[in-house]
Amino acid sequence: MRDDYEGVEMDAAIGQLSQNTSQYNKRLSITAGKNFMDGRLNVYGYAETQRSDVLFDKDLEISWIQKNARLLTLDVDPTGAVNDGVFDVDKRYNLRSLNRPLGGVLVLANGTPGSITTDPDIPYGACASTQANSATFSSNCFATNPGRTYQFRADGTPFLADFGAGQSVGAVNRTTTYGGSGDGLTVVETNRLPQQKAERFQIGANFDVTDNVKFFSELKYVEETNIDIFQPHFANVNIRAFGATEYPNDYGALTSFTIGLDNAYMPTEVRNAILNNQRTIYGAPTATGDSAVTGTVNDRRAQLRVFSYDLGYRPAIADRNTTRFVGGFKGDLDSLAFVKDVSWELGYTYGKMKAVNTEPETIDVERYAYSIDAVVDTAGELGKAGAVVCRVQLLAKRGVQIKNLDGVAYSANDPTIANCKPSRVFGTGGFADSKDYILTKLVTKEMNEQQDVRGFASGNLWDFWGAGPIGIAVGGEYRKEETSADLTDFGDRVLFGNSAGDLAKIGFNVKEAFGEMRLPLLKDKFLAESLEIGGTYRYSDYSTIGVTKTWGVNGSWRPVRDIAFRFTYGKAVRAPTLSELYSPPGDTFPNITDPCSSPVIAGTTDQRIRNNRIKNCALLGIPTTYVDPNPGFSNNGKSGSNPNLQPEESKSHTISAIITPRWVPRLSMIFDYYDIKITNAISTLSAQTLANLCVDEDALNPAACAAVPRRPASAGPNAYEIDNFLEGPFNFAALLSRGMDFTMRYNFEPGDLFGGKDWGRLDLGVTGNYLIRRQNFTNPTVPGLATDIDSTVNNPRVRFRTTATWTKGPLALTWRADYQTAQELFNYRLVGANGDSRPKEYFDTGSFLQQDISFRYDVTEKAYIRGGVNNIFGVEPNIQTGLTDNFDLFGRRFNLGMNIRF
């Protein structure tokens, strides 16, 4: 804001969030300023309020989402013969999901025969006769198959699931169907944009202490509330016969539970089906045929998969307030000793952020386990005969000790036992009475505080040879930052939440000194209207990582008035933040596609990666027949920080050309070539990325493999499954980026082309980037091994934005276009023999062109209205691209605003 602002200004705006929705972003602000004391003192203030509605993925007006279409695995080829002429992946419509449909899905213990090994569409998942009635539940024994799968209506009554025209392939548990009674693919309400509320206030003052000294100050206060909605708690509920004193005690995984066959709410039809269930046992398939039947066994088990919709959507409410003060003095002097044209500034900044993160629908998984294991108190031991109670209450009454996961016994009157309320886990609406018993509230209080003192001075020295004076600048800075987090003390309770743990106050400080010099060499000479060079240097001493030194050199040359050149070369350092170093880990449950699962290897289009996976997975001790036992299900792990991070270092150089040809007035062009290489680059890696990095390159990546541990071979049916991973920031070997930024602007009056008539003015502009090369060097054991990511998703080879604004009198109309070239999803050059991987159009995203229009109309000299339409043609990302943020996801949407000045 100007330091002499005077007047009052009000601004209001409203914008639609997505096509054909009634969700909006609304903002209202007011700015006021006044000069006093003959203009020596200026005081100003600013206030803004903003509201934004929640937007869910299912609200996106994207055709393939609305039609429940996806790219689906249709054919799986053996690793030795990867092309049978049938597309492995293609588009299908009207898909439904039996993964966790509304009301839940129950699967009787059953076997799934594997397909002939020469066409392994359905992988073999062993479920031996010895597993019958076992307390160990392998997903291989509970595949979603016709005739063995029940769904539930709201009141808990069962019906056999309708599988429509069939199932997907490529997994033992195939939960995607072509039509049928499953849910649509976007039923789970995870928000794309969170609900937000913000109030922002700012006041400031500028005072001319003398003609050469000015005091400045600014105080800003912001209150923000952000409500993110996650998917509901999800559970695999194993069902089997319990012993006389047995109770649920296997809830430590947070999403896996067990209830008895005598469950009070289990429909009789389902109980009888479980008791009479004859599971077919299959042998392994061969090269001459599918799995053969080797026997049957009475397996009285089932597995119920549910989303706990009745317990809410686990919203995370972040209330944050930020206070920031900036104050100091600045001034100028004609000269100080031998330095002329001196400018200086001395300032202080203080900032404090306090946040309260609340999860009001956090599930106590132990109480959930006890609640859903409901039985009938036949004899009225707890009061009323025939009442439905929690099993643990009945057992406690009989003198059975109920112990938590740590082996500590509860007393019979402990609230966990005494207050237990039974729940109906079949159907919906069964948790109305138990909700308060199961749910708790997690609250995390966070603080971040920063103080900064800085000072600098600049000026000119001597002009030795008439090219201009030598310029210098020197300064110093001291910065201190502290952070802490305090989580609700929940004792030994086992909770399903998103909050991380406590963090005692921790911080760092840094002391810095810096300098800069500009040295003019030539001026007003032949082929040298101007020529100068310069340099920068910064010395930093961090309490966390020690001393860093950065430097840079630069230069500019204007041979003639129409063109100028600039160059820079330097080294920069970025220290890891407190959050990257010390934030406590929190639970996370992503769905990982296991790169060592044989169907995944067979479907890998890149021949090099496929061969590397075969080799490296074997080095990890994983057999070639391994199939992820739980594909499509979440993997448990942690997401946190890394106290061993080292600072990033980068070397970069740029060369620029600025062209303003005198023979084309009002035309300007800027071309900036850049070449940046970052070593020890800090980046947060997802569990999926780490799993891929582990085995995708020519050699195993030990650091990535260590972050995604697997269950041991002795883990039975779940052997080799990824479990208890840790995702967080790591130091890459290097990142490389090289390309060209460009900007061109031109304006003219169209009337000049037609006799000087007043047809307004046309302003044209284009800005963009041509990406020459972008590479990741992610393997610490082979640091020179590059992964090319230019032309992949989020890294288009060419992206440019054009604008054209026509102005006449009070009206201005603007057209904007944002163009991206196609981005590679799969490298067709590396497909090799796997030519039937998918139709060629699905190998990349296709090009993307978004066009917007807007207007501004000056109603008076002090008031105007504005508005526009974003993505006027409703262009959407195609099905193979998915919901990638690099493309506009929100379709055609409108905005309107107004501004009034007094």
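This is a predicted model: local features need pLDDT of at least 70, side-chain atom pairs count only at pLDDT 80 or more; totals for chains, interfaces and linings use all residues.
Reader: Which strands form the edges of the open sheet of four strands?

Author: The sheet is open, with mixed pairing and the strand order β33-β34-β38-β37. An edge strand pairs on one side only. The edge strands are therefore β33 (586-588) and β37 (682-685).

Reader: What angle does the direction of helix α10 make with that of β38?

Author: Helix α10 (residues 687-695) packs on the sheet and touches both β37 and β38 (725-731). The angle between its direction and that of β38 is about 80°.

Reader: Which residue of β34 is the bridge partner of T588?

Author: β33 pairs with strand β34 (residues 637-639) in the antiparallel sense, over three bridges. Within β34, the bridge partner of T588 is G637.

Reader: Why does the aromatic pair of W551 and Y569 tie together parts that are apart in sequence, and how many residues apart are they?

Author: The two rings form a tilted pair, 5.6 Å centre to centre with 55° between the planes. W551 belongs to strand β31 (residues 546-560), whereas Y569 belongs to strand β32 (residues 563-574), so the parts tied together are separated in sequence by 18 residues.

Reader: Is Y569 buried, partly exposed or exposed?

Author: Its relative accessibility is 34%. Buried requires under 20% and exposed over 50%, so Y569 counts as partly exposed.

Reader: Over which ring does the charged end of R100 sit?

Author: Ring pairs link F234, F307, Y309, Y313 and F496 into a cluster. The charged end of R100 lies 5.9 Å from the centre of the ring over which it sits, that of F307.

Conventions
Residues are numbered from 1 along each chain as its sequence is written. Side-chain values use heavy atoms; hydrogens and water are left out. Two strands pair if DSSP finds at least two bridges between them. Helices (H or I, at least four residues) and strands (E, at least two) are DSSP runs, numbered from the N terminus. Contact means heavy atoms within 4.5 Å. Axes are lines fitted to C-alpha atoms, for helices over the stretch in contact, and angles run from 0 to 180 degrees between N-to-C directions. Rings of Phe, Tyr and Trp (its six-membered ring) pair if their centres lie within 6.5 Å; planes under 30 degrees apart count as stacked, over 60 as edge-to-face and the rest as tilted. Buried means under 20% relative accessible area, exposed over 50%, partly exposed in between (1.4 Å probe, protein chains only). A charge sits over a ring if NZ of Lys or CZ of Arg is within 6 Å of the ring centre and within 35 degrees of the ring normal.
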